[in-house]
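Please consult the sequence and the structure shown here alongside the text.

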Amino acid sequence: MATSDNKLADTDEKIFIGKGEETAWLTLALANRHGLVTGATGTGKTVSLQVMAEGFARAGVPVFAADIKGDLSGISEVGEAKDFIVKRAQEMGLTFQPDQFSTVFWDVFGEQGHPVRATVTEMGPLLLSRMLDLNDVQEGVLNVAFRVADENGLALIDMKDLRALLDAIAPDSSKKGADDGEYPLASIRKAAQGYGNVSKATVGTIQRQLLVLENQGGAKFFGEPALTLKDFMRTDRDGRGMVNILVADKLMQSPRLYATFLLWMLSELFEELPEAGDLPKPKLVFFFDEAHLLFTDAPKALMDKIEQVVRLIRSKGVGVYFVTQNPIDVPDKVLAQLGNRVQHALRAFTPRDQKAVVAAAQTFRPNPKLDTARVIMELAKGEALVSFLEGGGTPAMVERVMVRPPSARIGPITPEERKAIMDASPVKGKYDTAIDAESAYEIIQKRLAGTATPADGAPGEGGGILGQIGAIAATIFGTNVKRGRLSTGQVIARNVTRSVTDKVVGGVVADLGKSVGGSVGGSIGRALVRGALGGILRR
């Protein structure tokens with residue numbers, strides 16, 4: 001349905017994407033059934049992504065998208081009425097109206113956006129093993145390290161915490177009393193060996209892989225303050241969804257870090273959000289660019305978890321849209337979950353390319369009027385084959401359409417424009433300064449120096465109930481916590497205390513949870529803050 005009235009382009013129930021013989025609408029109530037945007041380089045995937053992001057934002061749905069080339073940053077600035085844009089809009093019966101959208105920039109390296117951090121505990125052994133490219137034996141030792149940390153009150157916050165713990169569990173016969181009570185860390189080492197053989201060579205390999213990750217800038221990702229995902233799920237003063245852009249040009253130089261980072265965010269969303277059922281519109285839409293990196297060489301255990309999250313996160317009100325060059329980049333089990341499709345042109349220069357075109361055509365519901373495989377190779381820049389879910393949740397027949405022009409700027413913004421946006425950001429100052437809280441590294445150093453207090457020792461030690469009550473009271477009045485630093489218990493229970501604005505009360509809850517129940521309480525506390533893909537296999 002063509003119209004000259006822009007108010008009818010997007011409605012309260014659906015987003016106008018493009019027009020051919022039929023009009024392409026993306027239904028908001030079905031947008032959490034996930035989607036796929038594919039096409040060769042230079043065929044218009046980024047513009048389609050921007051059009052969809054603008055539509056969601058207008059509807060009050062927050063958006064998260066990775067910006068690989070910097071082009072998507074233009075969504076934050078007013079669009080320009082360039083000739084080709086105005087012409088395309090007129091051909092669709094639209095009057096081009098420039099617009100811009102409230103945007104928050106994020107950057108793992110903290111250079112072109114607010115820093116994004118997670119704790120080592122939150123990442124968990126499964127995703128961290130993927131990030132470090134560990135084999136099964138090495139991953140097993142990493143799982144042992146996490147279990148020992150849980151049982152010994154050692155919070156894993158940053159890279160130096162993990163390094164210190166790995167050193168502590170590695171056998172070393174050269175140290176006096178390393179295997180008996182004379183050595184300060186003998187209990188930790190003995191606990192690790194109780195879970196199986198932990199060899200010095202394997203620990204050394206993991207340490208070398210940590211060095212590689214640090215050289216790629218991964219060390220900046222681990223630490224505090226860690227990201228609060230509710231900061232992604234904001235609307236602006238006009239009720240529009242905020243557009244969260246991850247600056248990923250530098251991050252893409254480390255593809256495994258990029259893919260694992262985005263997968264961690266998906267797992268955190270899956271873990272933290274409550275069940276929502278079928279909503280009139282999603283709570284959040286997540287665009288995963290260069291999605292093939294997620295699946296390349298992924299072990300079966302990780303693939304199973306990815307499939308589980310994609311399948312179940314829909315019920316949390318989150319829509320996930322994978323962006324890649326070809327549908328065959330996505331495994332069939334995941335592809336089956338992606339109901340909304342936008343296919344730009346593919347080129348068939350080799351027999352493998354030709355097979356890929358046929359495979360892409362077969363993912364659509366056939367249209368008797370179109371030879372889908374042939375049309376895929378004929379599509380002009382800005383054209384696409386689309387199939388969105390209809391009222392019953394079934395895919396519509398594939399249609400050839402011209403994608404509508406974005407309302408905001410097409411292309412990157414200037415450094416000055418980016419700075420102005422960050423200065424006015426709703427999270428300005430919240431993440432910009434790192435906090436080095438007392439955690440595993442500091443506790444282990446105290447033990448080695450012989451200065452560890454009972455509170456820093458193994459769970460279950462420390463002066464009976466009166467001593468524990470005294471420790472809680474000391475936390476209330478701040479006498480046993482350095483100013484500006486969180487206690488170990490507070491770090492462990494951060495996911496609980498975030499919801500409490502008074503951090504003093506949060507500290508009481510954290511310390512009480514740590515004190516009552518000894519090693520069991522400590523283990524449970526750490527398990528609670530580990531994401532679904534971070535090593536907790538649900539029973």
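## Gly18 and strand E1

Gly18 lies in strand E1 (residues 14-20); strands (E, at least two residues) and helices (H or I, at least four) are DSSP runs, numbered from the N terminus. The model is a predicted one, in which local features need pLDDT of at least 70 and side-chain atom pairs count only at pLDDT 80 or more, while totals for chains, interfaces and linings use all residues. Residues are numbered from 1 along each chain as its sequence is written, and side-chain values use heavy atoms, with hydrogens and water left out.

With a relative accessible area of 0%, Gly18 is buried. Buried means under 20% relative accessible area, exposed over 50%, and partly exposed in between (1.4 Å probe, protein chains only). Apart from neighbours within four places in sequence, Gly18 is in contact (heavy atoms within 4.5 Å) with Thr23, Ala24, Val401, Met402, Val403 and Arg404.

## Overall make-up and confidence

The secondary structure of the protein comprises 20 helices and twelve strands. Of the 539 residues in the protein, 54% are buried. Among contacts between residues at least 6 apart in sequence, 76% join residues at least 24 apart.

The mean pLDDT, the predictor's confidence in each residue on a scale from 0 to 100, is 82 for the protein, and 80% of the residues reach 70 or more. Over residues 1-8 the pLDDT stays under 50, and the model has 16 contacts beyond four places in sequence for them. Residues 454-532 also have pLDDT below 50, with 112 contacts in the model beyond near neighbours in sequence. Where pLDDT is low, the predicted coordinates should not be read in detail.

## Helix H1

Helix H1 (residues 45-58) has 14 residues and reaches 20 Å from its first C-alpha to its last, close to the 20 Å expected at 1.5 Å a residue. That expected span is 1.5 Å times one less than the number of residues. Gly60, which follows H1, has a positive phi, near 85°.

H1 is mostly covered, with eleven of its 14 residues buried. Among them are Leu49, Val51, Met52 and Phe56, and also Lys45 and Glu54.

## Thr260 in helix H8

Helix H8 (residues 255-272) contains Thr260. This residue counts as buried because its relative accessibility is 1%. Leaving aside neighbours within four places in sequence, Thr260 contacts Met123, Leu127, Arg130 and Met131.

## Helix H5 and its partners

The axes of H5 (residues 159-169) and H15 (residues 440-449) come within 7 Å and cross at roughly 40°. H5 is therefore oblique to H15. Lys160, Asp161, Ala164, Leu165 and Ala168 of H5 meet Ala440, Tyr441, Glu442 and Ile444 of H15. By class, this contact has six nonpolar, no polar and three charged residues. Here Ala, Val, Leu, Ile, Met, Phe, Trp, Tyr, Cys and Pro count as nonpolar, Asp, Glu, Lys and Arg as charged, and the others, Gly among them, as polar.

H5 also packs with H6 (residues 186-193) at an angle of about 80°, their axes being 8 Å apart. H5 is therefore roughly perpendicular to H6. The contact is made by Leu165, Asp167, Ala168 and Ile169 of H5 and Ile188, Arg189, Ala192 and Gln193 of H6. Axes are lines fitted to C-alpha atoms, for helices over the stretch in contact, and angles run from 0 to 180 degrees between N-to-C directions. Angles under 35 degrees count as roughly parallel, over 145 as roughly antiparallel, 65 to 115 as roughly perpendicular and the rest as oblique.
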